[in-house]
Amino acid sequence: SKKAGVLAIVNELFSIYFSLNTLRLCKNLVRPMEAKKLHDKGTMGELVTYKYYTGRLALFEDQYGDAERNLEYAFENCHVRATKNKRIILRYLVPVKLYLGRLPSATLLQKYGLSEFGPLVDSMRKGDLRTFNDSLVRFQDKFIRQGTYLLLEKCKAICYRNLFKRIHFVVGKSQVPLGHVANSFKGLGVPIDLDEIECILANLIYRGYVRGYLSHTKRV
């Protein structure tokens with residue numbers, strides 16, 4: 001039927017629009033597809049391709065929940081032998097999961113040849129800011145070409161959160177002097193002043209990454 005062929009045509013248009021970097025035109029394809037449920041009319045391969053592109057589109061529109069759902073569907077339903085396609089999907093799914101605080105295993109990254117994410121994941125897990133920054137610089141060109149650099153840069157918040165958790169564990173008190181935090185940053189080769197530390201912590205508290213409060217007068 002005509003409806004069965006729509007999905008294949010839409011996927012071809014997605015490919016063209018992404019190649020030309022005219023993503024605004026993609027919304028004109030998604031609205032009627034979703035409204036009339038035309039994305040259900042087609043083969044599994046066509047649906048996987050559709051979910052891949054709509055996942056990438058959601059990523060670029062900062063709709064990370066939708067991006068994760070669509071890309072995860074594409075990855076899980078991609079043919080088991082289509083290793084190259086799975087790797088392509090993961091290049092966008094991994095950054096989304098990192099931003100949401102879900103760190104992939106080293107086994108997964110090794111299996112699909114995604115070594116560029118290894119140092120980022122390790123540094124985020126340990127709260128190692130210096131390694132995180134160095135890894136972003138090292139693979140900057142690659143991430144920019146893929147369109148994921150800005151998202152990965154936002155993942156620094158997870159790195160901050162895990163660093164503060166480690167500092168809190170070492171200090172062993174409910175109130176942590178900001179001077180201790182500053183010393184930790186300095187030890188990592190990332191010296192910053194107390195005002196900047198307060199700004200980082202306030203942002204983490206606002207976003208729900210850290211539970212607590214700040215005292216500007218007491219610097220804790």
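Let's start at Glu153, which sits in helix 10, residues 149–154. Helices here are DSSP runs of H or I with at least four residues, strands are E runs of at least two, and numbering goes from the N terminus. At 35% relative accessibility, Glu153 is classed as partly exposed. The classes work like this: buried is under 20% relative accessible area, exposed is over 50%, and partly exposed is in between, with a 1.4 Å probe and protein chains only. From Glu153 to Asp40 it is 113 residues in sequence and 35 Å in space, C-alpha to C-alpha.

Some bookkeeping: this is a predicted model, in which local features need pLDDT of at least 70 and side-chain atom pairs count only at pLDDT 80 or more, while totals for chains, interfaces and linings use all residues. Residues are numbered from 1 along each chain as its sequence is written, and side-chain values use heavy atoms, with hydrogens and water left out.

**The overall picture**

The chain has 13 helices and zero strands. Its C-alpha atoms fill a box of roughly 70 × 35 × 30 Å along the principal axes. Of its 220 residues, 43% count as buried. Taking contacts (heavy atoms within 4.5 Å) with a separation of 6 or more, 56% come from residues 24 or more positions apart.

Thr83 belongs to helix 5, residues 83–99, and counts as partly exposed because its relative accessibility is 31%.

**Helix 12 and Phe185**

Helix 12 (residues 178–187) has Leu178, Val181, Ala182 and Phe185 as its buried residues. They lie on the same side of helix 12, because they cover an arc of only 100 degrees around the axis; that arc is taken from the directions from the helix axis to the C-beta atoms. On the other side, Asn183, Lys186 and Gly187 are exposed. The buried residues of helix 12 pack against helix 8 (129–138), helix 11 (156–171) and helix 13 (194–206). After helix 12 comes Gly189, with a positive phi near 80 degrees.

Nonpolar side chains tend to be buried together in soluble globular proteins. A nonpolar core here is a set of buried Ala, Val, Leu, Ile, Met, Phe, Trp, Tyr and Cys residues joined through side-chain atoms within 4.5 Å. The largest such core has 70 residues, and Phe14, Phe117, Phe164 and Phe185 touch the most other members. Leaving out residues up to four places away in sequence, Phe185 touches Leu129, Tyr160, Leu163, Phe164, Val190, Pro191, Ile192 and Ile197.

**Aromatic pairs**

Phe, Tyr and Trp rings (for Trp, the six-membered ring) pair if their centres lie within 6.5 Å; planes under 30 degrees apart are stacked, over 60 edge-to-face, and the rest tilted. A search of the whole structure finds twelve such pairs. Here are two of them.

| Pair | Geometry | Centre to centre | Angle between planes |
|---|---|---|---|
| Phe18 and Phe60 | tilted | 6.5 Å | 45 degrees |
| Phe164 and Phe185 | tilted | 6.1 Å | 55 degrees |

Phe18 lies in helix 1 (residues 2–20) and Phe60 in helix 3 (residues 44–60), so their pair ties together parts 42 residues apart in sequence. Phe18 is buried at 12% relative accessible area, whereas Phe60 counts as partly exposed at 31% relative accessibility. Phe164 is in helix 11 and Phe185 in helix 12, so this pair ties together parts 21 residues apart in sequence. Both Phe164 and Phe185 are buried.

Ring pairs also link Phe14, Phe18, Tyr50, Tyr52, Tyr53, Phe60 and Tyr92 into a cluster.

**Charges over rings**

A charge sits over a ring if NZ of Lys or CZ of Arg is within 6 Å of the ring centre and within 35 degrees of the ring normal. Lys51 lies over the face of Tyr73, 5.5 Å from the ring centre. Over the ring of Phe75 sits the charged end of Lys86, 4.3 Å from the centre.
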